[in-house]
Amino acid sequence: MTITKTIERALYAGAQAFTKLSYPLSWERLEIDENKSLWASYTPDYQANPSLNKTITADLAIIGGGYTGVSTAYNFIRRYPNKSVVLLEAKTLGNGASGRNGGMMLNWVYGMGDMTDSQTQQIYAHTHRTIDNILESIDEHNLDVSVRRDGCLEIFTDEQRANAAREEIVYLNQLGIPVQFLEKDEAQQKLNLTGIYGALFDPSEGQLNGAQYTRAMKPVLQSLGVQVYENTRVTKIDEGAKHDIHTPNGMVKADALMLATNGYTGKLGYFRKDYFPLHSHVFSTAPLTDAQASSIGWQCSAGFSDDLNRISYATRTNEGHIVFGGGSNKSYDYLFNSRTAYNRNIDSAIVDMGRTMEHYLPGSKHLPISHRWTGTLAISIRRNCSIGVRGQHKNVYYALGYSGHGVTAANMAGEVITDLYSNNLDPWQDMSFVNADFGKIPLEPFRWLGYQMVTRITGKSPREPHR
Ligand SMILES: Cc1cc2nc3c(=O)[nH]c(=O)nc-3n(C[C@H](O)[C@H](O)[C@H](O)COP(=O)(O)OP(=O)(O)OC[C@H]3O[C@@H](n4cnc5c(N)ncnc54)[C@H](O)[C@@H]3O)c2cc1C
């Protein structure tokens with residue numbers, strides 16, 4: 001067992017005990033800041049829909065317009081074209097993590113724990129198919145979305161972990177999963193990263209501009225009959241056989257509701273002790289020509305992530321920017337009382353992150369930065385996500401907690417939710433994320449203190465692989 005795993009298990013046990021001692025602080029409220037990401041800058045003409053200003057009814061009301069909300073609306077309305085679906089978004093589609101992330105479109109679902117051979121095959125097949133579906137929807141609806149699928153690398157910065165990965169890949173190949181182990185030299189032909197001992201290469205992974213994708217999907221959803229209200233914050237939910245979903249100037253009376261609010265979900269009174277909102281910083285370089293990218297060692301492939309607990313991840317966009325996230329303790333932050341908007345200066349975090357990028361790609365030192373931003377994601381103590389249904393009337397659907405691995409998983413969530421609604425659990429019955437428990441995380445002041453402690457202890461530790 002790794003040191004990180006041991007520490008995490010001890011913290012898990014401690015957290016369960018402290019949870020009983022902590023209480024919600026009354027001044028907590030939903031804060032949503034503006035999306036200043038590179039991804040959003042590629043949607044300059046985006047027009048938000050008007051907010052809801054009356055009382056309406058719906059078969060399904062979806063709260064949140066990121067990947068989870070959009071994929072739920074898309075899957076649901078195609079299966080149930082005659083049902084009424086309303087999507088309520090506090091700001092604009094893609095304003096949350098979906099429009100602010102690192103863009104890595106990856107296979108697997110994080111935090112699934114030990115899996116059987118069959119579960120391993122199934123989860124890879126599910127996520128692989130989800131990436132296919134995303135690309136198909138872009139083609140089918142002729143969406144103006146920057147996407148690439150030329151593979152991502154998971155790099156190993158330690159010989160032992162590289163050797164373990166080499167063995168694991170033999171096993172995965174035996175299961176028919178076509179990932180490849182690249183020796184150091186082979187990996188460096190794709191991406192000339194220093195300090196690596198090899199890499200796992202998955203040619204079916206890629207990169208997606210999530211602000212473009214979620215926003216481009218709006219007319220598609222509307223043409224299928226989904227009503228989309230933006231700048232419409234849900235302030236209160238009165239649960240029942242029929243829910244009353246309150247917004248500042250209107251209300252939805254809905255037979256079923258879907259919480260697609262990930263890192264913001266606690267502010268609606270749900271899952272408050274199950275996850276915490278983590279703020280994660282990212283920056284992008286100005287666009288590089290292929291020759292410039294190649295001169296710093298970026299030959300090909302959509303991106304890479306490393307094997308450390310403060311994971312570094314980077315992708316290169318079709319427009320030539322390198323997007324870099326993580327890579328230092330300062331690149332992740334938790335704000336006291338689970339605040340959901342980041343109001344602090346990130347200059348020193350960006351400097352630290354730039355040093356990490358320079359460590360991997362020494363030629364990147366003087367690259368001009370085009371954008372810097374922060375996004376909020378839900379992290380549970382076991383790093384697992386949960387997709388399911390709850391409530392006295394079994395009509396409150398939800399999907400959240402994908403850690404930093406939600407681009408594909410949140411797009412898959414819409415399919416899982418539609419199957420749950422249809423009582424067709426067959427495709428997902430072996431998947432541990434269905435109605436999964438999250439371990440409990442205490443509220444304040446223990447939550448903030450715990451975060452500070454864990455960050456310091458595990459700052460340089462390796463992380464568990466996401467398989
Ligand atoms: C910086 C960063 C980097 C990441 N990098 C990657 C990566 O490279 N690869 C990867 O796979 N994953 C990555 N992730 C994770 C991934 O982006 C998320 O898991 C995924 O986008 C979650 O999608 P979502 O739709 O559930 O949540 P979100 O995209 O956060 O959407 C939730 C929406 O709900 C809305 N909302 C909240 N409360 C209310 C309310 N009361 N009323 C109405 N609307 C409300 C919000 O405004 C928001 O638009 C990253 C995340 C971050 C933050």
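α10 supplies four residues to the shell around the ligand, the largest share. The model is predicted.

**Exercise 1.** Describe the shell around the ligand: which residues come nearest, which elements give two or more residues, and how do the classes divide?

*Solution.* 
- Step 1. The shell holds 45 residues. G64, G66, G96, G375 and G406 come nearest.
- Step 2. Now the elements. Two or more residues come from each of α3, β13 (276-285), β18 (369-379) and α10.
- Step 3. Sort by class. The shell has 19 nonpolar, 22 polar and four charged residues.

**Exercise 2.** Characterise the packing of α3 against α10: at what angle do the axes cross, and is the crossing left-handed or right-handed?

*Solution.* 
- Step 1. Two numbers describe a packed pair of helices: the angle between the axes and the distance between them.
- Step 2. Helix α3 spans residues 67-79 and helix α10 spans residues 406-421. Their axes come within 8 Å and cross at roughly 35 degrees.
- Step 3. The crossing of α3 past α10 is right-handed.
- Step 4. List the contact. From α3 come Y67, T68, S71, T72, Y74, N75, F76 and R79. From α10 come G406, V407, A410, N411, A413, G414, E415, I417, T418 and Y421.
- Step 5. Class the contact residues of α3 with α10: eight are nonpolar, eight polar and two charged.

**Exercise 3.** Work out the open sheet of three strands: what is the strand order, and which strands are at the edge?

*Solution.* 
- Step 1. Strands in a sheet pair through backbone hydrogen bonds, in parallel or antiparallel fashion.
- Step 2. Here the order is β3-β8-β4, and the pairing is antiparallel.
- Step 3. β3 (104-105) and β4 (147-148) are the edge strands, each pairing on one side only.
- Step 4. Check one pair. β3 and strand β8 (residues 206-208) run antiparallel and are joined by two bridges.
- Step 5. Locate a bridge. M105 has G206 of β8 as its partner.

How values were computed
Residues are numbered from 1 along each chain as its sequence is written. This is a predicted model: local features need pLDDT of at least 70, side-chain atom pairs count only at pLDDT 80 or more; totals for chains, interfaces and linings use all residues. Axes are lines fitted to C-alpha atoms, for helices over the stretch in contact, and angles run from 0 to 180 degrees between N-to-C directions. A crossing is left-handed if the near helix is turned anticlockwise from the far one by less than a right angle, and right-handed if clockwise. Two residues are in contact if their C-beta atoms, placed from the backbone, lie within 7 Å. Ala, Val, Leu, Ile, Met, Phe, Trp, Tyr, Cys and Pro count as nonpolar, Asp, Glu, Lys and Arg as charged, and the others, Gly among them, as polar. A residue is near a molecule or strand if its C-beta atom, placed from the backbone, lies within 6 Å of it. Two strands pair if DSSP finds at least two bridges between them.
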